[in-house]
Amino acid sequence: MPVVDVVNLRNEKVGQVELADSVFAAPVNQALLYEAVRHFLACRRRGTVKTKSRAEVSGAGRKLWRQKGTGRARVGSIRSPLWRKGGTVHGPQPRDYSYRLPRKMLLGALRSALTAKLQDGQLKVVQAFDLADHKTKTVRKVLEALEARRTVLLVDNPADDKLELGSRNLPGVTLLATREVTPYHLLEHEQVLMSEAAARKLSEALAK
C-alpha cells in the first residue's frame, strides 16, 4: 500500500497515511482518462446555438418576378439561402450533447487520475484545513506555506465553510467535496491538496 506523508498547514510533516493500492497505485489508463474528460466536457456543453432556416427568417413569401421572360434567373422567395439575409441551410440547432458513460469506466478513470497525480508528486495530503477565519488572505498564506502552484484543487470531506468562503475569490483555486471530484478536475489543476479525511474516504470508496 502506498504510504503518503501527512503535513499540517505550515507544511510540516506530522504523520503518514496508508492508501489503497487499487486507488492510488492503479495502472494509469490514458485512453480511459481521455474518455472520462471527453464525457465531462460533453455533459457540460450547453448546446444552445441556433440558426434560422428559410421558414424562420423575415420576408414575404411571394414570388419576386415571373418565371420567364425577364432575362433574370428564376427565383421563388426572398428568403432563399442563396440570398443575403436568407435562411441558413443545415445550420446548428439546440441539442443535448451529453451521453452516458459506464460507471465502471468513470471509477477506473478516477483511480488512474489519482494514481497519476501521486506518481508525479502533485498530490499532497494535509492533516486538516483548520483555518482561523474565513478571509481570503488567510487561505492565500496557507497555500503559499504549502507551496501551492498556479492552479490548485482543494479536496475536503466535507468542505469546510471557512475554506469555502476564503478560497472562492482566489483565481485558479477550486474547492470540492470528495463526492464531486472527477478525473477532469484532477487533471485540470497542477496540484491537489487533499485533507487526510478526504484521502481516506476516497481510498475506501474507490477500493475494488
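Asn11 counts as partly exposed because its relative accessibility is 23%. Buried here means under 20% relative accessible area, exposed over 50%, and partly exposed in between, with a 1.4 Å probe and protein chains only as cover. Asn11 sits in the loop that runs between β1 (3-7) and β2 (13-18). Helices (H or I, at least four residues) and strands (E, at least two) are DSSP runs numbered from the N terminus.

The model is predicted, so local features need pLDDT of at least 70 and side-chain atom pairs count only at pLDDT 80 or more, while totals for chains, interfaces and linings use all residues. Residues are numbered from 1 along each chain as its sequence is written, and side-chain values use heavy atoms, with hydrogens and water left out.

## Backbone

Most residues other than glycine have a negative phi, and most peptide bonds are trans. Asn11 is not a glycine, yet its phi is positive, at about 65°. His90, also a residue other than glycine, has a positive phi near 55°. His90 belongs to the loop between α2 and α3, and it counts as exposed because its relative accessibility is 80%.

The peptide bond that leads from Asn157 to Pro158 is cis, with omega near -10°. Pro158 is placed in the loop between β4 (152-156) and α5 (161-167).

## Salt bridges

The whole structure holds 5 salt bridges. A salt bridge is taken as a side-chain nitrogen of Lys or Arg within 4 Å of a carboxyl oxygen of Asp or Glu.

| Glu12 | Arg10 | 3.6 Å |

Glu190 is partly exposed at 28% relative accessibility, whereas Arg150 is exposed at 68%.

In the Glu12 pair, Glu12 is partly exposed at 38% relative accessibility and Arg10 is exposed at 60%. In the Lys50 pair, Lys50 is partly exposed at 39% relative accessibility, and Glu56 is partly exposed with a relative accessible area of 40%.

## Largest pocket

Rolling a probe the size of a water molecule over the atoms shows where empty space is left. The largest pocket holds about 200 Å³ of space. The search uses a 1 Å grid over the protein atoms alone: a pocket is an open set of points with protein on both sides within 12 Å along at least five of seven lines, whereas a cavity is a set where a 1.4 Å probe fits but cannot get out, and lining residues have an atom within 4 Å of a point. Grid points are joined across faces, edges and corners, and the volume is the space filled by probe spheres set on them.

The lining consists of Ala36, His39, Phe40, Arg103, Leu106, Leu107, Leu110, Val181, Thr182, Pro183, Ala205 and Leu206. At least two lining residues come from each of α2 and α3, and α3 gives the most, with 4 residues. By class the lining has 9 nonpolar, 2 polar and 1 charged residues. Ala, Val, Leu, Ile, Met, Phe, Trp, Tyr, Cys and Pro count as nonpolar, Asp, Glu, Lys and Arg as charged, and the others, Gly among them, as polar.

## Surface patch

Ile78, Leu82 and Trp83 make a nonpolar surface patch of about 330 Å². Patch residues have over 30% relative accessible area and no salt bridge; nonpolar side chains (Val, Leu, Ile, Met, Phe, Trp, Tyr) are joined within 5 Å and like charges within 9 Å. Accessible areas come from the Shrake-Rupley method with a 1.4 Å probe, and for residues only the protein chains shown count as cover. Leu82 lies in the loop between α2 (30-44) and α3 (103-119) and counts as exposed because its relative accessibility is 80%.

## Two further residues

Asn169 is in the loop between α5 and β5 (173-177) and is exposed, with a relative accessible area of 57%. Its C-alpha is 9.9 Å from that of Lys135, and the two residues are 34 apart in sequence.

Glu196 is part of helix α7 (residues 196-205) and is buried, with a relative accessible area of 18%. Glu196 and Arg45 are 151 residues apart in sequence, and their C-alpha atoms are 33 Å apart in space.
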